[in-house]
Amino acid sequence: MGQEVVSIQGSDDLWEGDEGLGLVGDCRTALLNNGLSRYSRALAAAERACEYPQELGFHTVVLPEVIEAASRCGKTERAVQALRLLAETARAAGTDWALGIEARSAALVSEGIEAEQHYQEAINRLGRTAARMELARAHLLYGEWLRRESRRIEARRQLRTAQEVFVAMGAEVFIQRASRELLATGETARRRTVETRFDLTAQEEQIARLAGDGRTNTEIGTELFISPRTVEWHLRRVFPKLGISSRRELRFSLPRLPRVAMSA
């Protein structure tokens with residue numbers, strides 16, 4: 001199976017993807033929603049794609065999306081099941097690309113040193129291929145894992161590496177995800193306009209962006225590992241800083257991230 005199978009236009013306005021448009025549409029929807037951290041929707045689309053005949057070869061592309069989405073939804077058993085099937089395919093192929101994808105996926109259902117070893121193997125293997133997008137996603141996932149392990153300086157290195165590739169490829173939804181993760185490490189966001197009268201902290205800006213994208217306090221809290229009450233407390237501080245009074249105004253009060261085409 002080729003390394004670049006699904007071509008999509010990434011946008012936070014297109015997060016619902018191409019449901020009902022067949023295998024390629026389901027693959028596109030799964031990829032978009034994983035990029036946007038909409039894991040339940042990503043999983044539903046990836047599961048639909050898995051229903052197509054295996055001989056089409058798309059399982060190698062779809063199963064990593066199943067594993068990422070299922071692991072982030074707390075459906076570990078489903079993720080492990082998909083990993084077993086992916087491992088069979090990857091080991092039969094024996095290429096750095098296939099084995100790198102397998103290692104990246106295995107990291108998502110592992111913990112501690114085992115997870116870290118899988119991430120490092122994925123980066124090493126994918127780094128020997130032309131699959132830049134898959135390599136960048138490995139750096140992104142490793143950076144996210146490092147942040148959750150409270151290893152923020154190391155996380156920033158991985159996240160910056162991922163972000164640079166996503167920008168070069170025009171992978172907008174993944175640019176935004178990497179940017180949110182960098183903010184969560186405490187990295188100061190570069191000001192893009194002079195319209196904001198008072199600076200937000202890194203966490204305030206991250207929460208404001210997620211809320212502006214329509215996330216609920218519970219969804220934001222789940223992604224950032226904080227309580228919904230803490231999310232609400234931060235938003236109460238954000239509103240006066242931005243000179244607004246409601247969540248609906250957030251989307252128009254924060255500088256936009258670059259909107260460019262995405263090809264994977």
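Predicted model: local features only at pLDDT ≥ 70, side-chain atom pairs only at ≥ 80, totals over all residues.
**Stop one: colour by confidence.** Now pick out helix H6 (residues 112–126), where confidence is highest at a mean of 97, and then helix H13 (residues 250–253), where it is lowest at 75. Next, select residues 189–197: the pLDDT there is below 50, and the stretch has 14 contacts in the model beyond near neighbours in sequence. Residues 257–264 also have a pLDDT below 50, with 37 such contacts.

**Stop two: helix H2.** Select residues 39–50, the 12 residues of helix H2. At 1.5 Å a residue they should span 16 Å, and the end C-alpha atoms are 16 Å apart, so the two agree. Which residues of H2 are buried? Highlight Tyr39, Ala42, Leu43, Ala45, Ala46, Ala49 and Cys50. These residues lie on the same side of H2, because they cover an arc of only 170° around the axis. In an α-helix there are 3.6 residues a turn, so residues three or four places apart point the same way. To see what covers the buried residues of H2, show helices H1 (22–35), H3 (59–72) and H4 (76–93), together with H9, which are among the covering elements.

**Stop three: Glu181.** Stay with helix H9 (residues 172–184) and select Glu181 within that helix. Is Glu181 buried or exposed? Its relative accessibility is 3%, so Glu181 counts as buried. Finally, display Glu144, Arg147, Arg148, Leu159 and Gln206, which Glu181 contacts when its neighbours within four places in sequence are left aside.

How values were computed:
Residues numbered from 1 in each chain as written. Heavy atoms only, no water. Helix = DSSP H or I, 4+ residues; strand = E, 2+ residues; numbered from the N terminus. Buried < 20%, exposed > 50% of the residue type's maximum accessible area, 1.4 Å probe, protein only. Contact = heavy atoms within 4.5 Å. Expected span 1.5 Å × (residues − 1). Arc of directions from axis to C-beta. pLDDT = per-residue confidence, 0-100.
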